Amino acid sequence: MIFEFCPFCGSRLIEKEIGDEGGIPFCAACNRPHFPIFSTCVICLCVNEYEEAVLIKQDYTGDRHILIAGYMKPGESAEEAVVREIEEEVGLRTESVYYAFSKFYDKRDQLMLAYICKVRKAELKPSPNEVNEAGWYPVEEAAALLSKGYMTGLLMDKYIELKENGFL
């Protein structure tokens, strides 16, 4: 979101050169810049000891499989958000969290932080509020079900690359 008015005093913002940042919306009344803001989210590829991944479906995805994802809460680290989202959406305890990469998602003004998580195979308990369907899939099958070029497919590709190169 790019501000047009100061969220503190309501004055119309002007563009002001701020260091190397270039022109930034600035409130002359409050004497402060207002950099564009965006939401920060986590996306999680959960893999168990049998090389199976958790895929879910939600209302807004139709028949597409996706990975567990969610918004970070104020005061929460990205890793805490990962653990919380996995517990909330499918009822699993996370054993380890590996940061994979980040990518900005323009359509929704979101910074997506991608993680690969180790979990133990257990019965999935889909959240009745968020998840329509959840299941364990062999990694190769899961990779074929995820949309290529989107965060889900990119994260799966990263997992496969890291496994092939002995990093996981």
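Mentor: We'll go through strands, a helix, salt bridges and the surface.

Mentor: This is a predicted model, so local features need pLDDT of at least 70 and side-chain atom pairs count only at pLDDT 80 or more, while totals for chains, interfaces and linings use all residues. Residues are numbered from 1 along each chain as its sequence is written, and side-chain values use heavy atoms, with hydrogens and water left out.

Trainee: How do I read the strands, and what is the order in the open sheet of three strands?

Mentor: Helices (H or I, at least four residues) and strands (E, at least two) are DSSP runs, numbered from the N terminus. Two strands pair if DSSP finds at least two bridges between them. Here the open sheet runs β1-β2-β3, with antiparallel pairing. β1 (14-17) and β3 (32-33) are at the edges with a single partner strand each, so one side of each has no neighbour in the sheet. Four bridges hold the antiparallel pair of β1 and β2 (residues 23-27), and Glu17 sits opposite Gly23 in β2.

Trainee: Which strands does β4 pair with?

Mentor: β4 (residues 39-47) runs parallel to β8 (residues 110-119), joined by nine bridges; Cys44 has Tyr115 as its bridge partner there. With β6 (residues 68-71), β4 is antiparallel over four bridges, and Cys41 partners Tyr71.

Trainee: And how much of β4 is buried?

Mentor: Buried means under 20% relative accessible area, exposed over 50%, and partly exposed in between (1.4 Å probe, protein chains only). In β4, seven of the nine residues are buried.

Trainee: How do I check a helix, say the span of α1?

Mentor: The expected span is 1.5 Å times one less than the number of residues. For α1 (residues 78-90), 13 residues should span 18 Å, and the end C-alpha atoms are 18 Å apart, which agrees. An α-helix has 3.6 residues a turn, so residues three or four places apart point the same way. Among the buried residues of α1 are Ala78, Ala81, Val82 and Glu85. After α1 comes Gly91, with a positive phi near 75°.

Trainee: How many salt bridges are there?

Mentor: Side chains of opposite charge can pair when their charged atoms come close. The cut-off is a side-chain nitrogen of Lys or Arg within 4 Å of a carboxyl oxygen of Asp or Glu. The whole structure has nine. One of them joins Glu51 and Lys163, with the closest N and O atoms 3.4 Å apart. Glu51 is in the loop between β4 and β5 and Lys163 in helix α3, so this pair ties together parts 112 residues apart in sequence. Another links Lys121 and Glu52 at 2.9 Å, N to O. Lys121 is in the loop between β8 and β9 and Glu52 is in strand β5, so parts 69 residues apart in sequence are tied together. Glu76, Arg84, Glu85 and Glu88 are linked in a network.

Trainee: Is Glu52 buried or exposed?

Mentor: Glu52 counts as buried, at 15% relative accessibility, whereas Lys121 is partly exposed at 39%.

Trainee: Last one: which residues make the nonpolar surface patch?

Mentor: Patches take residues with over 30% relative accessible area and no salt bridge, joining like charges within 9 Å and nonpolar side chains (Val, Leu, Ile, Met, Phe, Trp, Tyr) within 5 Å. Areas come from the Shrake-Rupley method with a 1.4 Å probe; for residues, only the protein chains shown count as cover. Here Tyr98, Phe167 and Leu168 make a patch of about 300 Å². Phe167, in the segment after α3 (151-164), is exposed at 60%.
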